[in-house]
Amino acid sequence: MTVANNLKRPEPQALASTIEALAARFGNRLITSQAVRDQHAHTTTWLEPQPPDAVVMAQETADIQDVVRICTKHGVPVIAFGTGTSLEGQVNAPAGGVCVDLRDMNKVLEVHVEDLDCVIQPGVTRKALNEHLRDRGVFFPIDPGADASLGGMASTRASGTNAVRYGTMRENVLALKVVRGDGEIITTGTRAKKSSAGYDLTHLFVGAEGTLGTAAACSFETVRGACQATIMAIQTGIPLARIELLNAAQVRACNAYSKLSLPETPLLLLEFHGSESEVAEQSKNFNEITRECGGGEFTWTTRPEDRTKLWQARHDAYWAVKALRPGAGVVATDVCVPISRLADCVTETEADLERLNLLSPIVGHVGDGNFHCSVACDVNDRDEMARSEDFMHRLVERAQAMGGTCTGEHGVGQGKQKYLKAELGVEAIDAMRAVKQALDPQNIFNPGKILPTV
Ligand SMILES: Cc1cc2nc3c(=O)[nH]c(=O)nc-3n(C[C@H](O)[C@H](O)[C@H](O)COP(=O)(O)OP(=O)(O)OC[C@H]3O[C@@H](n4cnc5c(N)ncnc54)[C@H](O)[C@@H]3O)c2cc1C
């Protein structure tokens with residue numbers, strides 16, 4: 001599917017001059033081959049790929065500044081590329097332009113263990129950072145499943161399975177260095193944990209797109225029961241590190257893909273962090289809740305290799321869905337509702353899937369009220385695609401009607417633009433447009449994303 005827009009492609013002469021200037025500056029780090037351009041359009045989304053006109057492999061901040069200066073001069077769009085795992089068409093180039101690939105800017109520059117912070121280049125991936133930190137007794141907690149870049153994660157305000165305890169990128173980014181539309185650099189903050197100094201520019205840009213741990217799995221008779229247990233645990237303040245829902249269809253997919261033998265009913269995967277006595281207390285309290293909600297006994301996985309296997313299976317949930325129906329596409333989407341409405345929203349969503357005869361396992365970072373549907377569908381079957389689109393539309397409307405949002409963590413990109421007005425109102429969108437206009441008057445940066453253009 002292609003999202004309609006009224007963006008104009010740059011004039012051919014302007015594009016040719018841009019590519020000539022970039023070639024003179026970057027030599028063979030400017031790539032215009034079709035194959036590489038295709039790799040920089042979207043691969044994991046349901047939206048049609050829209051390749052850029054050229055790709056520049058950046059190695060340092062000055063490279064990004066020069067790309068921006070050259071493109072601004074000729075009115076050509078610039079699109080940053082982390083690892084391309086975003087799910088709503090964020091790296092597509094609907095008006096063409098130049099993609100700046102940041103994967104070579106992958107150095108961890110400073111680690112301050114005593115302050116629990118570090119300074120990194122944007123192309124460092126979360127797994128690479130954790131590999132770097134492994135021997136220092138600390139870790140970076142945000143894990144959106146994919147091995148995404150920290151720059152891309154900041155840009156989509158990503159979260160994942162650890163957000164209940166450790167927050168999202170919003171809580172974990174202290175400061176950014178940002179290249180402006182004129183190629184100058186803004187520094188948005190310092191390493192201090194908090195600051196009252198002026199406008200909070202860091203959080204304007206973020207989302208502009210335990211040492212002792214124990215994991216457990218608990219099965220439930222119904223998906224409502226599993227959600228109800230989550231709601232009660234959050235409302236009574238049990239400090240869970242992670243709590244992830246897999247509905248019965250997703251458990252079946254994970255068992256087949258990751259060679260597990262979990263009971264094929266709705267399941268909560270949990271992790272408790274803290275001292276031995278704290279973990280014992282948390283799990284006892286949670287166990288009492290699960291009994292009230294139709295939950296079975298916990299299956300404990302204290303051995304690190306078993307824990308890793310269980311969480312890897314959760315992270316591979318998307319690929320498990322793909323394997324359920326070989327050759328089919330997977331249309332992945334997310335919504336987020338206030339925690340008190342979680343059980344209603346997930347139950348109604350399962351009923352809708354059944355009514356529309358669609359195969360879509362559900363997983364959720366349910367401690368945040370956030371859940372994901374992955375519709376496995378034949379993209380060449382017009383009727384099935386129409387039912388999938390109808391389903392996604394109704395899912396968003398349901399979440400919004402319950403006081404929730406059209407996206408908890410995947411972002412707006414192209415796919416969710418049409419829902420912002422209903423969610424935030426025209427005035428808020430006008431305010432966002434004014435911010436975009438002030439910082440990017442020529443609409444050079446990633447045009448056609450977030451703000452509706454038609
Ligand atoms: C299997 C799977 C599971 C996923 N599960 C989750 C999940 O649980 N939670 C979640 O939050 N997400 C999830 N995602 C989505 C995805 O991993 C996130 O959106 C991720 O944060 C994107 O990072 P990236 O490096 O791939 O960025 P990209 O896809 O390369 O870029 C994303 C956006 O950020 C911009 N961008 C990238 N780098 C920069 C930069 N340095 N400066 C400015 N802008 C930049 C791009 O232009 C684009 O608009 C999942 C994806 C997959 C494939």
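Predicted model: local features only at pLDDT ≥ 70, side-chain atom pairs only at ≥ 80, totals over all residues.
Strands β5 and β6 form a hairpin with four residues between them. In its turn, Leu 116 has a positive phi of about 55 degrees.

- Strand β5 covers residues 108-112, and its pairing with β6 is antiparallel, with four bridges.
- Val 108 has Ile 120 of β6 as its bridge partner.
- Strand β6, residues 117-120, has one covered face, made of Cys 118 and Ile 120. Its uncovered face holds Asp 117 and Val 119.
- In a regular strand, side chains alternate between the two faces of the sheet.

**The four-stranded sheet**

- Four strands make an open sheet in the order β1-β2-β4-β3, and the pairing is mixed. At its edges are β1 (30-31) and β3, each of which pairs on one side only.
- β1 pairs with strand β2 (residues 54-57) in the antiparallel sense, through two bridges. Within this pair, Leu 30 is opposite Val 56 of β2.
- Helix α1, residues 12-26, packs on the sheet and touches β1, β2 and β4 (98-101). The direction of α1 makes about 25 degrees with that of β2.
- Helix α3, residues 61-74, also packs on the sheet, where it touches β2, β3 and β4. The direction of α3 makes about 175 degrees with that of β4.

- Which residues of β15 are buried? Asn 370, His 372, Ser 374 and Ala 376 point one way, Phe 371, Cys 373, Val 375 and Cys 377 point the other way, and all are buried.
- That amounts to eight of the eight residues in strand β15, which spans 370-377.
- Strand β13 (residues 329-336) pairs with β15 in the antiparallel sense over eight bridges. Val 331 stands opposite Val 375 of β15.
- Strand β14 (residues 362-365) is also antiparallel to β15, with four bridges between them.
- β14 and β15 form a hairpin with four residues between them, and Gly 369 in the turn has a positive phi of about 80 degrees.

**Asp 334**

- Asp 334 belongs to strand β13. The residue counts as buried because 25 other C-beta atoms lie within 10 Å.
- Beyond its neighbours within four places in sequence, Asp 334 contacts Asn 370, Phe 371 and His 372, along with Thr 407, Gly 408, Glu 409 and His 410.
- The C-alpha atoms of Asp 334 and Ala 256 are 24 Å apart in space, and the two residues are 78 residues apart in sequence.

**Helices α10 and α13**

- Helix α10 (residues 248-258) packs against helix α13 (residues 317-324) at an angle of about 90 degrees, and the axes are 8 Å apart. The two helices are therefore roughly perpendicular.
- From α10, the residues that meet α13 are Gln 250, Ala 253, Cys 254, Ala 256, Tyr 257 and Ser 258. From α13, they are Ala 317, Trp 319, Ala 320, Val 321, Ala 323 and Leu 324.
- The residues of this contact between α10 and α13 comprise 10 nonpolar, two polar and no charged.

**Two loop residues with positive phi**

- Arg 157 is not a glycine, yet its phi is positive, near 50 degrees. Arg 157 sits in the loop between α5 (150-156) and α6 (163-166).
- Is Arg 157 buried or exposed? Arg 157 counts as buried, because it has 21 C-beta neighbours inside 10 Å, and the cut-off for buried is 20 or more.
- Lys 259, also not a glycine, has a positive phi of about 55 degrees. Lys 259 lies in the loop between α10 and β11 (267-273).
- Lys 259 counts as exposed, because it has 9 C-beta neighbours inside 10 Å, and the cut-off for exposed is 12 or fewer.

**The shell around the ligand**

- How many residues surround the ligand? There are 32, and the closest are Gly 82, Ser 86, Ala 148, Gly 151 and Gly 152.
- β3 (78-81) and α5 each supply at least two residues of the shell. The largest share, five residues, comes from α5.
- By class, the shell contains 13 nonpolar, 17 polar and two charged residues.

Terms used: Residues numbered from 1 in each chain as written. Pairing = 2+ DSSP bridges. Axes fitted to C-alpha atoms, helices over the stretch in contact; angles between N-to-C directions. Parallel < 35°, antiparallel > 145°, perpendicular 65-115°, else oblique. Contact = placed C-beta atoms within 7 Å. Nonpolar A, V, L, I, M, F, W, Y, C, P; charged D, E, K, R; others polar. Near = placed C-beta within 6 Å.
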